[in-house]
Amino acid sequence: MTKTTKELGDAVETVIEQAFLLSADLGNEVRRVLSAGREAPLGVEETQTILELAVARLQADARAREDEATLESLAGDAATIAESLIRKSRRSERRTGARDATVTFPLQSYNDIEPGNVVPTPVYHGVHVPMRCGYARTREVNLWDRNERLEIHLNQFRAREDREPTADELLDIMLGLADLPGLSEESDQFEVKKLARSIVANGVQKAPIVDIDGTLLDGNRRVAACYLILNSNEYTAEDKKRAEWIFVWQLTPQARKEHRDAVVVALNFEDDCKVKWPEYVKARKVYEAWQDILAREPRTPNAREQAKLKKALSIKFALGPNTTTVNRYLKMVEWADTFEDHHINARERDLYEVKHRANKYFQYFEEMAKGVNPGGVAHCLTQDDTFREIVFDLLYEGKFRNWRDIRQLKEIFDNQEARDALIKARDETDSGEAENHLESAMAIARLQRAEARTLGVNTRIESFTKWLDDLPAKAYRESIKAENLRALLVALKTAEDNASGVSGVVDEEAGFCDNCGRPRV
Amino acid sequence: MVDGPSAGELLQQAARHAAEGQADQMLLALHEARVIDGLKRRLMARWRHLNDGDAHDCIVKAIQAAYRGVREGKRLPNLDKWVVLIAHRRAIDLRRTGAKRPELRAPDILATYEDNSDSDRHRLYAKAIDISRRLLPRIGQENVRRAMEVYLDAVERGEEITHRQVGEILGVPRNTAKMLRSRGIHRLTRLAQDDGIIREEFGQSLRELMAVEDEDNDQEQDDEVSEDDA
């Protein structure tokens, strides 16, 4: 490239660069700079170094330009001028006592909603804190890197990187994407993904609170969730558009430290006393919506269509694209319906009393719904109406101690003695006695399970192998069914595999007997 | 106790002092606004290759370039923006020591050389703008091309222009104007590289600099483009 061509190339680069520079919107970055400077000011020595360098450069430039005004303003030694600037600045700080008391993060109007005062004035931790409200661009709100929620994570980051995390890294920490040892197993520790789904469905329900410079005082998770919506492929362009602006409350320029402290304490330490909906109610809502969807379909949807419909349903209820919760709810409600049907129709109990019980013990239905194959709890309960009714009666009376009792029902199902104890527990009016009977049923079931697996194992094997050895060869051809022979071979292979790890069973060097094929021990 | 001037007021004071040739007062205002402190923190956090000395150099050169621009008669109401931009630009350049780029002035285009009556440089930049304009028809998307024409006009005049202003000219929302500019600059850079006019490394440096404006905005921009195209 010739000199002229290189110069022209440089000029074209400058033109393109200036097209960006002249139109660059750096409001966000300037705010970050000011905020970083306020939170972590440089020491006097470093400030002196930078100012001294700047003075020297400006002096040299001014001399080359013959800029008399500049030379006059910077007359003297660079070090002395820098020192003087620092001294003046300190005096200025002492005189005024405070700085930056005007809003550097102005709220904006959006969707015809203009910024205004929050009325009545909110009270936090007993302190009246005047606030403004309005919209802000989500990307311009700075996550709060002094959030106590992140204390361990931030200290870990600082120890490893020897610096503060950037805004992006802070977001990664919030989203569980930061590569911090000890956190690999904890995905979405702060439940930001869950919150993002809720925001997509319902919007940001509670306005985050920002300081006058745009730093968050409350609402880190909400803003992080909006960032996630904006950055994730999981969400549509419409979802992203809604997350682009966020309605916030903002402190006023008159706010003091005690106001900030009051907001942080009130919103992070005091309980908001909100009681969540019971799962029974939420599951019923999902179930009813599912029934509506099925009713609108011209024919019963096939498995793939059902999966698609359930995904849409899950997103609609802010449960995300994974349909696990929807499936769980649907199964639980089906079992709750069977329970209610039994008590209302067979036992002739009051409808609402039964519903209260179903609500109270709703989590037990999840255990009942598990194991639809032989040997599972759901299978046992659907195979035998009488057994299921005993279980429902026990549940209604509150005689199960916890969900582990439900899991043991599959062992009780096959054992008459245990079933008898279970019936006694149901019929017993004294709660203490009932618990004893229930414990007996469980103990019998446990014993059976243990016995079935280990009791008399040596005796059984001894007698079986002796019997097998004595079995005439023609029995294999004439008496034993092919399926039984196959099962025997499979069992022997399993035994061989399991025995291979046991020392002293097979002498590797001795090998196997050429005649009988048995291992030489 | 009386509240002192805010950071915003201090930055305005800094711009005014620069225009009046009071370099000491400008430095004092920048120092009091914590711009120097904040820039050092941000540069170190954003660009991991920098050491303390590099960061100091970036800050000092940024102040020097912005001050020079003002003293050369440029209207720079957002002095803080130029200081921040040039500091980041310098930080990017420091990583590529082998490919030295021209020092950046604020703004560093035709008007500067018209003032200085430097006819050679004037002709050079006039030619550079002409080359850039000739590349525009090959950008391949009408709305991007039109937006770039507006931005190049601003470059030719050496005047700052906002996305809102461009949006009003083109009849599109502010964000769309911003997106069109980003896309236009990327395509213009690629075309100039393909034609061997500019260096390969320039595109990467520019992308890094543009990322300072609005980090992680690519996905959003792509979405907007798709909608607009539709």
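Student: How many residues of chain A are in contact with chain B?
Tutor: In this predicted model, 69 residues of chain A are in contact with 83 residues of chain B.

Student: Which element gives the most to chain A's side?
Tutor: That's H1(A), with 15 residues on the side of chain A that touches chain B. Other helices give two or more residues too, including H2 (27-39), H3 (44-65) and H9 (220-231) of chain A.

Student: And how do the residues on that side divide?
Tutor: Into 31 nonpolar, 18 polar and 20 charged.

Student: OK, new topic. Which residues have the most contacts inside the largest nonpolar core?
Tutor: B:Ile59, B:Ala66, B:Leu79, B:Val83 and B:Ala87, in a core of 89 residues. Helix H4 of chain B, residues 52-71, gives the most to this core, with 10 residues. There's another core apart from it, of 43 residues, with A:Ala196, A:Ile199, A:Val204 and A:Leu216 among them.

Student: Back to B:Val83, what does it touch?
Tutor: Leaving out residues up to four places away in sequence, B:Val83 touches B:Val35, B:Ala62, B:Ile63 and B:Ala66.

Student: What about H5(B) and H11(B), at what angle do they pack?
Tutor: About 145 degrees, with their axes 10 Å apart. H5 covers residues 79-95 of chain B and H11 covers residues 200-213 of chain B.

Student: Is that crossing left-handed or right-handed?
Tutor: The crossing of H5(B) and H11(B) is right-handed.

Student: Which residues meet there?
Tutor: From H5(B), B:His88, B:Arg89 and B:Ile92; they meet B:Ser205, B:Glu208, B:Leu209 and B:Val212 in H11(B). The residues of this contact divide into 3 nonpolar, 2 polar and 2 charged.

Conventions: Residues are numbered from 1 along each chain as its sequence is written. Chains are lettered from A and ligands numbered from 1 in the order in which they are written. This is a predicted model: local features need pLDDT of at least 70, side-chain atom pairs count only at pLDDT 80 or more; totals for chains, interfaces and linings use all residues. A nonpolar core is a set of buried Ala, Val, Leu, Ile, Met, Phe, Trp, Tyr and Cys residues joined through C-beta atoms within 7 Å. A residue is buried if 20 or more other C-beta atoms lie within 10 Å of its own, exposed if 12 or fewer, and partly exposed in between; C-beta atoms are placed from the backbone. Helices (H or I, at least four residues) and strands (E, at least two) are DSSP runs, numbered from the N terminus. Two residues are in contact if their C-beta atoms, placed from the backbone, lie within 7 Å. Axes are lines fitted to C-alpha atoms, for helices over the stretch in contact, and angles run from 0 to 180 degrees between N-to-C directions. A crossing is left-handed if the near helix is turned anticlockwise from the far one by less than a right angle, and right-handed if clockwise. Ala, Val, Leu, Ile, Met, Phe, Trp, Tyr, Cys and Pro count as nonpolar, Asp, Glu, Lys and Arg as charged, and the others, Gly among them, as polar.
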